[in-house]
Amino acid sequence: MNNLLCLSVFLALVYIRGLTWDFSSEVLVILIVCVVVGVFASVRSTFPLWTSLLAFLLYPFSLVLVYVLDYKFGWS
């Protein structure tokens, strides 16, 4: 939730000041990871140990996804 709040503040500042935004792939990856964690957390009230492994695996997944979006698809 903190990531989404900070991103929305930065996006509002960029929009109001008319600045250029060159972080589309990073923002998309943050949104994807937040949605995955949020959906998983909304359907459970207790979490077994294997869910921590899922959360830890989201980090390398996000790095690979940013690399693919930046260098294979040409996003900036």
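This is a predicted model: local features need pLDDT of at least 70, side-chain atom pairs count only at pLDDT 80 or more; totals for chains, interfaces and linings use all residues.

User: How much accessible area do the patch residues have together?

Analyst: The patch is nonpolar and includes F61, F73 and W75. Taken together, its residues have an accessible area of about 540 Å².

User: Why does V36 count as partly exposed?

Analyst: V36 is one of the residues in helix α2. Partly exposed covers the range between the buried limit, under 20%, and the exposed limit, over 50%. V36 falls in that range because its relative accessibility is 36%.

User: Which residues does UniProt list for "transmembrane region", and how far apart are the end C-alpha atoms of residues 50-69?

Analyst: The unreviewed UniProt entry lists residues 28-43 and 50-69 under that name. In the model, residues 28-43 are 94% helix and 0% strand, with end C-alpha atoms 23 Å apart. Residues 50-69 are 100% helix and 0% strand, and there the end C-alpha atoms are separated by 28 Å.

User: How many disulfides does the structure hold, and how far is the sulfur of C34 from C6?

Analyst: A disulfide needs two cysteine sulfur atoms within 2.5 Å. The structure holds 0 disulfides. C6 is in none, and its nearest cysteine sulfur, that of C34, lies at a distance of 11 Å.

Note on methods:
Residues are numbered from 1 along each chain as its sequence is written. Side-chain values use heavy atoms; hydrogens and water are left out. Patches are made of residues with over 30% relative accessible area and no salt bridge: like charges are joined within 9 Å, nonpolar side chains (Val, Leu, Ile, Met, Phe, Trp, Tyr) within 5 Å. Accessible areas come from the Shrake-Rupley method with a 1.4 Å probe; for residues, only the protein chains shown count as cover. A salt bridge is a side-chain nitrogen of Lys or Arg within 4 Å of a carboxyl oxygen of Asp or Glu. Helices (H or I, at least four residues) and strands (E, at least two) are DSSP runs, numbered from the N terminus. Buried means under 20% relative accessible area, exposed over 50%, partly exposed in between (1.4 Å probe, protein chains only). UniProt positions are given in the numbering used here, feature names are shortened, and annotations may be inferred rather than shown by experiment.
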